[in-house]
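Me: I want to go through the labels on this model and ask what each one rests on. Please show it first.

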Amino acid sequence: GNLGATNVYRTLGARVAGRARGLDYELEPLVQWGSVTRPDGRRTDDVRAWGGHAELGYTFPLAWKPRIFGAYAWGSGDTKPFDGTYREFHGTVFNDHPVVGDMSVVTDLSGVAVGETRASGVQVWVVGASLSPTADLSLSLDAHRFFASAVPGGFSRDLGIELDLVASYRLWEKLTVLVGVNRFLTGRFFRQAAGTRRDIDYAYVQATLEF
């Protein structure tokens, strides 16, 4: 689709998902092409980017339905704005949220900016576990390890680690309450770009009412 008057992104992908004997899997590769205006506004570059994600999980045949999973997501990056090719993948064409976590420190697979310094493209490894002690209660813990695909010279690709602990409880048939506690352990890139080693904490309570 069009993102701005002179920027055009076209995305082609495929998705394969299924379950078998407790295993669940998902694979979604994507390629992008099109054209974008250069930062100086004088010419356009050809878009040549790629991204996607893969996930594999297993649910144990036990009363609490414990599940473990691992995932990998990728988005290509670009730090050469005047070479005629734009390689930064623009996520959000599929739902990035499960792989990039709850905190939106890293919002999608296109990259993250700290001040005037940008880490372009994101690669993330995810491991997690979940269980349901009762029919109404579920608990999950995920860890997301982030790396940039491309960074300016002298900067680290290490973006950090996000830890997400979420509890979901169904109070009534149509009302569910979510409680989340999250922490983002900033990597070396954030420390270089922001000049601080401070980590980020986030907590929330959410209610969902179905009509």
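Me: Why is Leu23 called partly exposed?
Reply: This is a predicted model. Leu23 has a relative accessible area of 39%. Buried means under 20% and exposed means over 50%, so Leu23 is partly exposed. Leu23 lies in strand 3. Together with Val16, Tyr25, Leu27 and Leu56, Leu23 makes a nonpolar surface patch of about 450 Å². Strand 3 (residues 23-37) gives the largest share of that patch, three residues.

Me: What makes Arg67 and Glu55 a salt bridge?
Reply: Their closest N and O atoms are 2.9 Å apart. The cut-off is 4 Å, so the pair qualifies. Arg67 is in strand 5 and Glu55 in strand 4, so the bridge ties together parts twelve residues apart in sequence. Asp24, Glu55 and Arg67 are linked in a network of salt bridges.

Me: Why is Arg67 called buried?
Reply: Its relative accessible area is 18%. The limit is under 20%, so Arg67 is buried.

Me: How do you know that Asp201 and Arg183 form a salt bridge?
Reply: Their side chains meet at 2.4 Å, N to O. That is within 4 Å, so the pair counts. Asp201 lies in strand 12 and Arg183 in strand 11, so the bridge joins parts 18 residues apart in sequence.

Note on methods: Residues are numbered from 1 along each chain as its sequence is written. This is a predicted model: local features need pLDDT of at least 70, side-chain atom pairs count only at pLDDT 80 or more; totals for chains, interfaces and linings use all residues. Side-chain values use heavy atoms; hydrogens and water are left out. Patches are made of residues with over 30% relative accessible area and no salt bridge: like charges are joined within 9 Å, nonpolar side chains (Val, Leu, Ile, Met, Phe, Trp, Tyr) within 5 Å. Accessible areas come from the Shrake-Rupley method with a 1.4 Å probe; for residues, only the protein chains shown count as cover. Helices (H or I, at least four residues) and strands (E, at least two) are DSSP runs, numbered from the N terminus. Buried means under 20% relative accessible area, exposed over 50%, partly exposed in between (1.4 Å probe, protein chains only).
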